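Let's take a walk through a protein model together, one piece at a time. Have a look at the picture below and keep it beside you as you read.

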Amino acid sequence: MLRKKILLMFVIGFALFMFVGCNAEETQQEEVAEEQETTGAIDEAIEVAEEDELFITTSFSILGDVISTIVGDRGTVEYIVPIGEEPHEYEPVPSDFRKVSDSDVFYVNGLGLEEWLEKLVESVGDVEVISVSDGVTPIMLGGDEEEDPHAWMSVANVQLYVEAIVADLIERDPAGESTYRENADAYLAELEELDAYIKAEIEAIPEENRVIVVSEDAFKYFGEAYGFQTEGVWEINSHEEGTPGQIARVIDVVNDQSIPAIFVETTVDRRYMESVAGDTGVEIAGEVYTDAIGQEGSGAETYILMMKHNVDTFVNGLK
Ligand SMILES: [Zn+2]
């Protein structure tokens, strides 16, 4: 990719040099001919660059899935935070720095999710960093000026992500416009179906049981979109504590509201919810995906599958 970029710059540079160099002594007619030749050379060079596929990096696996669905075969998409690790306080390793510096673009969630972003971006040169959540109306964290980053837990927000990603891809690679648009439209339709699926499935849960209790209160956007109360031992992993007081508060909520089931995340230590389960006698009714998609073979390998898995798990536990 880099080699082609250098070639492109060389060809344009050479063409401009020829154009400027010859210009002074030429008749107007010759000038026009020369200009056409120059434009042709630049167009040709751009075509060469466009044949080359994009190399895109993103911060975590959920965005990796969404972006690769839109990019299709016009590029390669890699993500930084491995599945199973949480994306808030990740420590980038040397290969992450290389990946990002080799990228045409680095897509991030924004809303403060990637607390390690500054450290990474500082040392990778001039890679463009694009936040895909700019169209989202943020939910604020309690008692603070910080935004809750888990906007992807609402399908409507991911539709906004898709629009932001497709707009940026088209600007970056105009020749791929029809591919990106088609892929995005097909995906937006799937997201529409997912939204309808969620709304239909949760009908099986009695209103008073529509409460999600997990370790990290990452379901606020889901709760707002689909009418669930959400509770966590802590509010966000980057503030993670799990103090006895925090656990006691959740235990009280579960007991006071007679909540029939609690859940544990794939990216958080189970012990906090096990402690709530032990004290209340309420069972952990399954694992849910919040900050990462599932491993190969989990049945939650994509954003859509992870959301369906979560909804099915909630319905089974709370109906
Ligand atoms: Zn989180």
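Helices (H or I, at least four residues) and strands (E, at least two) are DSSP runs, numbered from the N terminus. Residues are numbered from 1 along each chain as its sequence is written. This is a predicted model, in which local features need pLDDT of at least 70, side-chain atom pairs count only at pLDDT 80 or more, and totals for chains, interfaces and linings use all residues.

Start with the sheet. Strands of a sheet pair through backbone hydrogen bonds, either parallel or antiparallel. Here, four strands form an open sheet in the order β2-β1-β3-β4, with parallel pairing (two strands pair if DSSP finds at least two bridges between them). Because β2 (75-81) and β4 (129-131) stand at the edges with a single partner strand each, one side of each has no neighbour in the sheet. From one strand to the next, the twist averages 25°; axes are lines fitted to C-alpha atoms, for helices over the stretch in contact, and angles run from 0 to 180 degrees between N-to-C directions.

Now find β1 (residues 54-60), which is joined to the parallel strand β3 (residues 105-108) by three bridges. I56 stands opposite V105 in β3. Across β1, β2 and β3 lies helix α3 (residues 61-71), running at about 150° to β1; contact here means C-beta atoms, placed from the backbone, within 7 Å.

Finally, visit the loop between β3 and α5 (117-122), where L111 lies. L111 is not a glycine, yet has a positive phi of about 55°.

Key. Two residues are in contact if their C-beta atoms, placed from the backbone, lie within 7 Å.
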